[in-house]
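Reader: Hey, I've just opened this one and I'm a bit lost. Could you walk me through it?

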Amino acid sequence: MKIKNCFCLLFLLVYPFIESTAQKGKELDKLLKETFWTNCPKEFKVTDVPKKWENESAVILAIQYEYTLQAEGRWLVLKQNFHFRIKLNDKASISDYSELNFDKNKVSTRSSGTASSYKNIGIKIVKANGTEKELDLTKSVSSDYNSNSDNKIAVPDLEPGDILDYFIAVKKDFDLNAIFYSDMVESELLENKYPIVYHSIFYILPHKYNLFNYSYNGAPGFKEDRTMDNASFKLVDTMRAKSLDILWNYPYRTSPEIRYRISTDNFFDFQRLMDYKNYAYFPGLALVEDFMNKNFKNSEDTLQIINELFLMFRNPIYLSYFSTGYPLYEPLNYSHIEKNITMYISDYLTKKKIPHDVIIAPSRSTGPFEKQIDLSNCEYIIKIKKPKLMYLALPIPFRLPNEIPYIYEGMESSVSEVRRLSSYTRLPNEVLPVSKPENNITMTKMELALDAADGTKVTVKRGHVVKGNNKNYHQYLIYTNYDYLKEYDQPKYEKYGSVAIGSLVSRYKDERKKFEQRLTQDYLERDKKILNSIESEMELKISDYKNLKIKSIGMWPESPNTEYSDEFTIDNMVKKVGQNYLIDFGKLIERQTEVKDTARFRKIDIYMNYPRSYEEEFIFTLPEGYSVEGLENFNKYAINKTGGFVSSAEVKEGKLIVKTRKYFNEIYYPAKKWSELLKFLDASVEYYNTKLLLRKN
C-alpha cells in the first residue's frame with residue numbers, strides 16, 4: 001500500500017512538470033515563429049527574384065546565421081539561429097526540397113521554469129498568390145538509419161513559384177564555473193548551387209573574444225563593432241552568383257570564401273599552432289613496445305621494423321585501441337581514425353634511435369599554409385631519413401608504408417626534426433614529392449568473344465593490375481569487411497601482454513565470426529556492386545557476373561599491387577544488321593570525360609587529384625567467316641605536355657587486338673593549358689563513341 005502511495009505522489013510531482021515543459025514548448029514555438037516570420041528583417045519578406053535570375057532553377061532570397069554568446073548570471077547562454085528563404089522556379093529545384101530532414105523540436109527547463117536549452121524548427125511554404133502554409137512537423141517520420149537527422153518530412157504540393165521559408169533555433173546553457181574556453185574555427189563558401197540575393201553571418205560575443213577573418217577570391221570580410229556590453233561581428237554578402245559546376249576544381253581554392261577564427265587571444269599566429277605538443281602517450285607507447293618486442297626484438301633490419309610498426313597501427317585491433325571511434329565491426333570505415341596516431345609512430349622511432357622528421361602538411365584542396373586558420377585540414381606525416389628516405393602517413397586501411405596521400409602531394413609543409421622524445425627543432429619548410437603517371441596506373445586486359453548461344457552478346461574475361469593511388473577505388477570495390485579482417489589472421493597479431501589488447505583480439509575474432517555467418521549475403525552484395533560499377537562506367541547492360549578471383553589486394557609491402565580477374569557477359573554491345581554485326585567496341589574503355597558548350601572556355605585553374613595513367617588491351621576473337629571494317633577509326637594519337645591519349649588496332653591470327661593508353665602528367669594546370677588538355681580528352685571521347693563492323697565474308 002505504501003509503495004502505491006509513493007508512486008501516486010511521484011506521479012503528482014512529475015505530471016505538473018511535464019505539463020509545464022510542454023506549455024513552455026508551445027510558448028517558445030509561438031515566440032520563435034513571430035521572431036522569424038512576423039518580425040523578421042525585410043530581406044526575409046522579399047517574394048520576387050532579381051530580373052537577371054528569373055530563369056534560374058531556384059534563387060536563395062536570403063540566408064542568415066546568428067550566433068550569440070552572453071553571460072546571464074551564473075550561466076553562459078549560447079544561441080544559434082539559422083534562417084533560409086528560397087524561391088523554387090522549376091521542377092528540378094522542387095525535387096531538391098521535396099523532402100526535408102531535421103532533428104526533433106526539444107526544450108529543457110531550469111527549476112525556475114525558464115528554458116535552459118531548446119532546438120526548434122519551423123517550416124512554411126509561401127504560395128505564389130501570397131497564402132502561407134506551415135508544415136505540421138508532428139506528421140514527420142523517422143529518418144533513414146544512416147541519416148544525420150532524427151526525422152524527415154515530405155513537403156507536399158510544391159509548385160514553381162513557391163517560396164520555402166524555414167528556420168532552426170538552438171539554445172544551450174553552460175555553467176560559467178565549469179566552462180572551458182576554446183577557439184572556434186569556421187569556413188564558409190559564399191557561392192551555392194543557386195544564386196543568393198542576401199547572405200549574412202552575425203556574431204555577438206563577450207568582450208574577451210576576438211574574430212580573426214581572412215577573405216579569399218573576392219569575398220567580403222567582417223565588420224566589427226564594440227559597445228560597452230559586447231563585441232559584434234557582421235558579414236553581409238549580396239547578389240552572389242551561383243557556383244560553377246566545373247570539372248577538376250577545388251572550390252576552397254577558387255571560389256569566394258571567408259575563413260575565420262573566434263578566440264580569446266589578442267592575436268592569431270598560425271605558426272604557433274604548428275608547434276608540436278607533447279604527444280608521448282606513454283601507456284600507448286608501452287603497448288607498441290610490447291608488440292614490437294614480442295615479434296621483432298632481435299631484428300636488426302631497420303626497414304623491417306619501420307614497415308611492421310606501420311602495419312601494426314593499420315591493424316584494426318590496434319586502430320580500435322588508439323582511435324576510440326574506430327569501428328572494429330566496420331574496419332573499412334576509417335572516418336574516425338585520429339590523426340595524432342602518427343605521433344605514436346614518431347615516439348617509437350625516437351626510442352629506437354631511427355632518425356626522422358615530423359611534417360605537418362596542408363591539404364591541396366584548401367591551399368597552402370598562408371590560407372589556413374587551423375590544422376583540421378593538415379596531416380602529420382613521418383619522414384624517415386635513414387636507412388633510406390621514406391614517408392609514413394596516417395595508417396588507414398590498405399595504405400602502405402611510403403605512400404603519401406595524394407591530397408598532400410606537392411604541398412609546402414612544415415618540418416620539424418625529432419631530437420629526442422617530444423623535443424623538436426624547426427627546419428625550413430619543404431615540398432612533398434609528387435607522384436608520376438606511371439606510379440598510379442591501371443592496366444586492364446580483356447579477352448572477348450561473341451556468345452556461342454547468342455551472337456548479340458559478348459563474353460568477357462577481364463584482368464586488372466592496379467598501382468599507386470589508382471588502387472583505392474578497386475580495393476574498396478572488391479573487398480568486404482570480412483576480407484579485410486581476415487587479412488589480420490596472423491600469429492604475430494595475437495602476441496600481446498596487455499589485457500586491453502587481449503580484449504580487442506577477442507572482439508576482433510567475434511566480429512570476424514559475425515561476418516562469416518553473413519558471408520554469402522555480403523559477397524552477393526559485393527558482386528552486385530561490381531556489376532553496377534561496370535554498367536555505369538561502360539554504359540552497357542551486364543549479366544552473369546562471376547568468378548571474381550583476387551590475386552592480391554595490394555595492402556602488403558611484398559605484394560603492393562591490386563590484382564584481380566573476373567568474368568561477365570555484355571548484353572547490348574552488339575546489333576545484328578542483316579548477316580553483319582555492329583559492335584559498340586569503344587565503350588570498353590569506360591566512360592570518358594566529355595567537355596561541352598561553355599565548359600570548353602575556362603578561366604579557372606585545373607586541379608587534378610594526382611597524375612595517373614590507364615592502359616588497356618582488348619583481344620577480340622573474330623567469328624569464323626567475318627572480317628573487320630572501320631579499324632582505322634581506332635587509331636588515335638593526341639599527345640602534348642599535359643598528357644595524352646593513344647590507341648592502336650590490328651587483326652592478327654584471327655583476333656582483333658586493340659590497345660589504348662590515356663594519361664595525365666600533372667596535379668595542376670593553369671587555365672591557359674585547358675585547350676591542350678581538351679585535345680586528348682576529345683580524342684578519347686571520339687574513341688569511346690566509335691563502333692566496329694563485322695562483315696560476313
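This is a predicted model: local features need pLDDT of at least 70, side-chain atom pairs count only at pLDDT 80 or more; totals for chains, interfaces and linings use all residues.

Reader: Okay, sheets to start. What's the strand order in the open sheet of 8 strands?

Author: The order runs E23-E24-E22-E21-E28-E32-E31-E30, and the pairing in this open sheet is mixed.

Reader: Which strands stand at the edges?

Author: Strand E23 (542–552) and strand E30 (636–640) do. Each has a single partner strand, so one side of each is left without a neighbour in the sheet.

Reader: And by how much are neighbouring strands turned against each other?

Author: By 15° on average, ignoring direction.

Reader: How many bridges join E21 to E22?

Author: There are 9 bridges, between residues 441–450 of E21 and residues 458–466 of E22, and the two strands run antiparallel. As one example of who faces whom, methionine 446 sits opposite arginine 462 in E22.

Reader: Which helix lies across E21 and E22?

Author: That's H12, residues 519–538. H12 also lies across E23 and strand E24 (562–570), and its direction is at about 110° to E23.

Reader: Let's switch to another helix pair. How do H6 and H8 pack?

Author: H6 (residues 302–314) and H8 (residues 341–351) pack at an angle of about 150°, and their axes are 11 Å apart. Angles over 145 degrees count as roughly antiparallel, and that's why H6 is described as roughly antiparallel to H8.

Reader: Is the crossing left-handed or right-handed?

Author: H6 passes H8 in a right-handed crossing.

Reader: What about the residues in that contact, which ones are they?

Author: H6 brings Ile305, Ile306, Leu309, Phe310 and Phe313, which meet Ile341, Tyr344, Ile345, Tyr348 and Leu349 in H8. In this contact of H6 with H8, 10 residues are nonpolar, none is polar and none is charged.

Reader: How many bridges join E12 to E15?

Author: E12 and E15 (residues 257–263) are joined by 7 bridges. Among the facing residues, phenylalanine 212 stands opposite arginine 261 in E15.

Reader: And E34, which strands does that pair with?

Author: E26 (residues 580–583) joins E34 (residues 692–696) by 3 bridges, running antiparallel, with leucine 582 opposite leucine 693. E29 (residues 626–629) also pairs with E34 in the antiparallel sense, over 4 bridges. There, serine 627 has arginine 695 as its bridge partner.

Reader: Last one: where is glutamate 430?

Author: Glutamate 430 is in strand E20, residues 423–431. Its side chain makes a polar contact with the side chain of lysine 383, at 3.0 Å. Leaving out residues up to four places away in sequence, glutamate 430 touches several residues, including Ile359, Tyr391 and Met411.

How values were computed
Residues are numbered from 1 along each chain as its sequence is written. Side-chain values use heavy atoms; hydrogens and water are left out. Two strands pair if DSSP finds at least two bridges between them. Axes are lines fitted to C-alpha atoms, for helices over the stretch in contact, and angles run from 0 to 180 degrees between N-to-C directions. Contact means heavy atoms within 4.5 Å. Angles under 35 degrees count as roughly parallel, over 145 as roughly antiparallel, 65 to 115 as roughly perpendicular and the rest as oblique. A crossing is left-handed if the near helix is turned anticlockwise from the far one by less than a right angle, and right-handed if clockwise. Ala, Val, Leu, Ile, Met, Phe, Trp, Tyr, Cys and Pro count as nonpolar, Asp, Glu, Lys and Arg as charged, and the others, Gly among them, as polar. A polar contact is a pair of N or O atoms within 3.5 Å; within protein, one must be able to donate a hydrogen and the other to accept it, and residues adjacent in sequence count only if both atoms are side-chain atoms.
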